[in-house]
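Here is a short briefing on one protein chain.

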Amino acid sequence: MKKSFSIAYTILVVLLLLGILVFFGRETMQARSARIADFETRAQEYSRRLADTLVEYRDVNKEVAVAKSIMEADPSLVALQVYSHDDGLRLSVVKPAAENFSRTAIIESEGMKGFLASLRYHTVGRPMAVTDMQGMEAVFIGTTLTGAEIRTNLLILLITVLGLFIITIVLILLRPGSSGEFDNDEDEDEEEFEQDFEEAFEEDSRSPGEISEDGTDFHLPSMSEDFDISPDFSDSMNLEEDFDFLETKEDSPFIQRLGKELERAASFNQDLTLLVFRPGFGMESSIREAFEYDDLMFNLDNGNLAVIEMNKDLDTVLAATEDLIRRIISYADTRETRAGIASRNGRLLEPDRLIKEALAALERTTEDTNIVAFRSNPERYREYLRKSNKKA
């Protein structure tokens, strides 16, 4: 199915399910409220009958007989008790649904205070007017929502969900050419993703000699006339290319630490930025001094230096790196120091992916552009991964 149709269909299904839930919920709560009001009215009459029996006979057996007759006449009534605040429970007549209260006073129990219990049952207490017996109270538990009603509503909801599922399957199967078109879409999306990867460098390639922090022109100190450097440079960098450095082994301290920090950043919804420096002769110590945590700096086998910056986004790190390389250039009168930068930017990704992005950025640096940053597109990246997983 086309993306726009899929989105519209998903929204329609969600709205339909929410509408059904709201409808049945409203109908159920209205019926429950009406039953509670009716039950409280009947409870007043029941308590009067029990009080009259108590006054007339003063016989527990007679009171139990009246209580049983009330229970038989009212199917919704599941428990009836007469309770004295001075002497405790006087009588208790219950149905199987409330058998736990056969010897336990409802008024002293927590059994009817849970969410499900309070949804299905309603408890009413009514004082009994007995002249010489103060503190007498009749307590009733009535059903407000039966198990059959709950099962019926759930069955209707289940049938609706199954019906929507069948409709979805039919729509997928009946769309002509859906399989071939889907594969083509995947190839196009992958090509577009790689194109976005290329464009990201062009958007974020920066030279410290072009712009300063306040937006004004910044002129570098003069270079010596015999200064010459020829860095490796590729006009097209493919992420699947294997970069020649040994520290990408899965068991290396660098890979393990970067993996842990990526997991931590994802769990706390924080950013993480990776820098890979080509320090230049004698400049590594100056770079190390600029960063706070020595245990987040790693020497790579090809002479590069990797730095992990936690909870810092690409723009923050880029600005700090520009300032650092300006100072190095001013001090050493050479532009050998280069940096490639890449950030997590809200993505869930493996260490090797972030390393490849940073190295690809480093490979694009030149004598005139000492820093290249890769700005990812999280939405495009997630779509690319989703399509890749489906294809696999």
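Helices here are DSSP runs of H or I with at least four residues, and they are numbered from the N terminus. The model is a predicted one.

**Whole chain**
- The chain holds 10 helices and 10 strands.
- Of its 392 residues, 39% are buried.
- Take the contacts between residues at least 6 apart in sequence: 72% of these join residues at least 24 apart.

**Helix α6**
- Helix α6 covers residues 253-267.
- Its 15 residues reach 21 Å from first C-alpha to last, close to the 21 Å expected at 1.5 Å a residue.
- Buried in α6 are Phe254, Ile255, Leu258, Gly259, Glu261, Leu262 and Ala265.
- These buried residues pack against β6 (272-278), β7 (297-299), β8 and α9.

**How α6 meets α9**
- The axes of α6 and α9 (residues 351-363) come within 9 Å of each other and cross at roughly 105 degrees.
- Angles of 65 to 115 degrees count as roughly perpendicular, so α6 is roughly perpendicular to α9.
- On the α6 side, the contact uses Phe254, Ile255, Leu258, Gly259 and Leu262.
- On the α9 side, the contact uses Pro351, Leu354 and Ile355.
- By class, the α6 contact with α9 has 7 nonpolar residues, 1 polar residue and no charged residues.

**Helix α4**
- Helix α4 runs over residues 147-174, a total of 28 residues.
- At 1.5 Å a residue, α4 should span 40 Å, and its end C-alpha atoms are 40 Å apart, which agrees.
- Gly147, Thr160, Leu164 and Thr168 are buried in α4.

**Glutamate 309**
- Glutamate 309 sits in strand β8, which spans residues 305-310.
- Is glutamate 309 buried or exposed? Its relative accessibility is 11%. Buried means under 20%, so glutamate 309 counts as buried.
- Its side chain makes a polar contact with the side chain of lysine 312, at 3.2 Å.
- Which residues does glutamate 309 contact, leaving aside neighbours within four places in sequence? They are Leu272, Thr273, Leu275, Phe291 and Val317.

Key:
Residues are numbered from 1 along each chain as its sequence is written. This is a predicted model: local features need pLDDT of at least 70, side-chain atom pairs count only at pLDDT 80 or more; totals for chains, interfaces and linings use all residues. Side-chain values use heavy atoms; hydrogens and water are left out. Helices (H or I, at least four residues) and strands (E, at least two) are DSSP runs, numbered from the N terminus. Buried means under 20% relative accessible area, exposed over 50%, partly exposed in between (1.4 Å probe, protein chains only). A polar contact is a pair of N or O atoms within 3.5 Å; within protein, one must be able to donate a hydrogen and the other to accept it, and residues adjacent in sequence count only if both atoms are side-chain atoms. Contact means heavy atoms within 4.5 Å. Axes are lines fitted to C-alpha atoms, for helices over the stretch in contact, and angles run from 0 to 180 degrees between N-to-C directions. Angles under 35 degrees count as roughly parallel, over 145 as roughly antiparallel, 65 to 115 as roughly perpendicular and the rest as oblique. Ala, Val, Leu, Ile, Met, Phe, Trp, Tyr, Cys and Pro count as nonpolar, Asp, Glu, Lys and Arg as charged, and the others, Gly among them, as polar. The expected span of a helix is 1.5 Å times one less than its number of residues.
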